[in-house]
Amino acid sequence: MSVSHLPLQLQTVYTFSPLTSTVAGNIRFVGNAVPGAADDAAHGKSPSRPWSTLDYAVTSAGAGATIYLLPSHAENIASATALNLDVAGQKVIGAGYGLQKPTITLTTHVGATVNISAASVWLENVKVVGNFLNIAAAITVAATANGLTLKDVETRDTSAVLGALIQISIAAGTTDVTIDGYRHYAFAGGLTAAATNVILAAGASDRFSLTNARINAHTSAAPVALSAAASKNIYINEVDLLNTETGAGLGIAAHNSTTGFVDNVVTVNLKDTVKGVTGTGLSIGPNVRYSNAVGAYAGLYSYAADS
């Protein structure tokens, strides 16, 4: 990996490989796989001398900073307060891919979570793993986190007893949340104490966007649950959803007074007679399809029932 920089007034422009992106602003690095990484004033400004924890970086880097998580960075979060993305405008970007994707593991505490409470935070290319019994939520989005972007974020469970009941929990009233390129992999057969949702909006979530997502779920309620209150102008596109829990067999559920656009959605393995997308106020495009519980029929959204 290499970093080149040029002074630009009071800012610094970095070109960072393998991301090959140019960023203006305060740039900092976190990577506990790098020998000598430490959380102090002498570290963080170079990938060869990075900080060792993300929470320290968030606190130290300043508003609007970009924080790179270096390849193979891995840290455990063991409480509800150990990690909080609480500085406005920060970007946290994972630089690794494949087995080197930066990983945050939730452990030891049912409340362990990735908290996001500041506005306009960007979290990209990070894997979040639930590794404790019945974790409440892997990622917790506060009502103050308006303008959040989750880009190419992955969540997964560890076993049938170690995982999160909700992967992304969004507080009521949070606006302009964008989830793009999301991946979720439930443990095969689901959790012993069944997960409830993959994405849950606890109330209105105006201008919520979910795109380019692949969700492998095993949830007792809707994997994507947006039905608690009416939202304005939501957007759902290019989503493949498999729910292996067929007792309820739900898919994407929106409030009937929610407005917005949905297209290019495939939901698979649903219970008979259950549509893949619900919400009578939505505008549905021509490419929203779903199958029944045994995969014997694929229907369009306009069908009254799938069997």
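Asn243 touches Ala217, His218, Thr219, Pro223, Gly249, Leu250, Val268 and Asn269, with residues up to four places away in sequence not counted; contact here means heavy atoms within 4.5 Å. The model is predicted, so local features need pLDDT of at least 70 and side-chain atom pairs count only at pLDDT 80 or more, whereas totals for chains, interfaces and linings use all residues. Residues are numbered from 1 along each chain as its sequence is written, and side-chain values use heavy atoms, with hydrogens and water left out.

Asn243 belongs to strand E22 (residues 234-243). Helices (H or I, at least four residues) and strands (E, at least two) are DSSP runs, numbered from the N terminus. The relative accessible area of Asn243 is 0%, and the residue is therefore buried. The term buried denotes under 20% relative accessible area, exposed denotes over 50%, and partly exposed covers values in between (1.4 Å probe, protein chains only). Two backbone atoms lie beside polar atoms of the Asn243 side chain: the nitrogen of Thr219 at 3.3 Å and the oxygen of Leu250 at 3.0 Å. A polar contact is a pair of N or O atoms within 3.5 Å; within protein, one must be able to donate a hydrogen and the other to accept it, and residues adjacent in sequence count only if both atoms are side-chain atoms. Asn243 and Ser220 are separated by 23 residues in sequence and by 9.3 Å in space, C-alpha to C-alpha.

Ser209 is located in strand E20 (residues 209-217). With a relative accessible area of 12%, Ser209 is buried. Val177, Thr178, Ile179 and Tyr235 are touched by Ser209, not counting residues up to four places away in sequence.

Aromatic rings were examined next. A pair of aromatic rings is described by the distance of the centres and the angle of the planes. Across the whole structure, 3 aromatic pairs are found. Rings of Phe, Tyr and Trp (its six-membered ring) pair if their centres lie within 6.5 Å; planes under 30 degrees apart count as stacked, over 60 as edge-to-face and the rest as tilted. One of the pairs is formed by Phe29 and Tyr68, which are stacked at 5.8 Å centre to centre with 20° between the planes. Because Phe29 lies in strand E4 (residues 27-30) and Tyr68 in strand E5 (residues 66-69), this pair ties together parts that are 39 residues apart in sequence. Phe29 and Tyr68 are both buried. Another pair, Trp51 and Tyr56, is edge-to-face, with 5.4 Å centre to centre and 75° between the planes. Trp51 is buried at 4% relative accessibility, while Tyr56 is partly exposed at 27%.

In helix H1 (residues 54-61), the buried residues are Leu54, Ala57, Val58 and Ala61. Seen down the axis of H1, these residues fall within an arc of 100°, so they line one face of the helix; the arc is that of the directions from the helix axis to the C-beta atoms. An α-helix has 3.6 residues a turn, so residues three or four places apart point the same way. The cover over the buried residues of H1 includes E4, E5, strand E6 (74-77), strand E7 (84-85), strand E8 (91-94) and strand E9 (103-106). Just after H1, Gly62 adopts a positive phi of about 95°.

The structure contains 4 salt bridges, a salt bridge being a side-chain nitrogen of Lys or Arg within 4 Å of a carboxyl oxygen of Asp or Glu. Among them is the bridge of Lys101 with Glu154, whose closest N and O atoms are 3.3 Å apart. Lys101 lies in the loop between E8 and E9 and Glu154 in strand E15 (residues 154-157), so the pair ties together parts that are 53 residues apart in sequence. Glu154 also forms a salt bridge with Arg156, the closest N and O atoms being 2.4 Å apart. Lys101 is buried at 16% relative accessible area and Glu154 is buried at 8%, whereas Arg156 is partly exposed at 31%.
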